[in-house]
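The sequence and structure come next.

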Amino acid sequence: MDIMIKLINFLRSRSDLQHKQFKKILFEYDSVYSDLLQHNNFRWLSKGKVIECFWSIKEELITFLVNLDLEESKEYHKFLTNQSNMLSVAFLKDILAYLNILNTELQLHKKLIGDLISNVSAFRRKLEISEEDIKNQDFIHFPTILEYKKNSSIDCSMFLSFLFVYGEEFGRRFKDFFFFKKFLKNPFEVSPTGEWVDVARKLFRLPKFSFQMEIIVCKKISHSSTEDFWIKHVLDKYMNCKTLAIKLATILTDHQLENTLRISCSPRVPDFKKLDQEKKCYFYH
């Protein structure tokens, strides 16, 4: 990723004339993009969009670099014409596309906490399937690699290592929340003596006995829907359930949560022109 960012900065920032010449080539080739996108380090989501753009105009990049009589451009040309390097870019393009989809799903409105945890669980399972897919070199879930690879067999050790480490980290970050998936999706069917109760008590300092009693009592309204339980009943009668749900929903500091609530509830519309004048904005994110 680093060398791609350097290449993008080389083409966009080295000189205005060089940048204009590159954009002219993109126009002449009728490219999907009219320019390279710059990656914003503060927005990881932009990585996927940068690589998508980079991949779409890689042939135009090669053509342009060939015509530049600079040592730096020769090094970048070697990178773009090396199959191993480009397979790594293809892998990043596919895996970041899946991450962007997950990110979008987690930001959708009117989704229950259980639905969000289900999205995370599904993505973790997708990582496992992807690992098997690469081991077998089928590349069903990596269409960019499948399209680009020129040999029947390629070295996938780096991809497998990435997926393994990423899967372990993903599981470590979310392991405690998978206990609560069933409770959040259907609070009427969970056991008041399950392991998840002890996890909730330790993580969020809930009084175990009163929490267990709430779980027992809430079974009496099992005819209600999950939505009705969380919206109508839990606020007044099931304080420990409410506390647990809020803790899970707001994995933020109190200050961050307050700011988020202010933004969510405010009817004010940002002054985009003023913001644009004060600070450079990247509208492609």
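Is Glu 132 buried or partly exposed? Glu 132 is partly exposed, with a relative accessible area of 41%. Buried means under 20% relative accessible area, exposed over 50%, and partly exposed in between (1.4 Å probe, protein chains only).

The model is predicted: local features need pLDDT of at least 70, side-chain atom pairs count only at pLDDT 80 or more, and totals for chains, interfaces and linings use all residues. Residues are numbered from 1 along each chain as its sequence is written, and side-chain values use heavy atoms, leaving out hydrogens and water.

A salt bridge puts a side-chain nitrogen of Lys or Arg within 4 Å of a carboxyl oxygen of Asp or Glu. The count comes to 4 salt bridges, including these:

| Pair | N to O distance |
|---|---|
| Arg 125 and Glu 128 | 2.9 Å |
| Glu 132 and Lys 135 | 3.8 Å |
| Lys 208 and Asp 198 | 2.8 Å |

Lys 208 lies in helix α12 and Asp 198 in helix α11 (residues 195-204), so this pair ties together parts 10 residues apart in sequence. Helices are DSSP runs (H or I, at least four residues), numbered from the N terminus. Arg 125 and Glu 128 sit 3 residues apart in helix α7 (residues 113-135), about one helical turn. Glu 132 and Lys 135 are likewise 3 residues apart in α7.

Glu 214, in helix α12, is buried and has no salt bridge. Lys 242, the nearest side chain of opposite charge, is 11 Å away. Lys and Arg count as positive, Asp and Glu as negative; His and the chain ends are not counted.

Methods. Helices (H or I, at least four residues) and strands (E, at least two) are DSSP runs, numbered from the N terminus.
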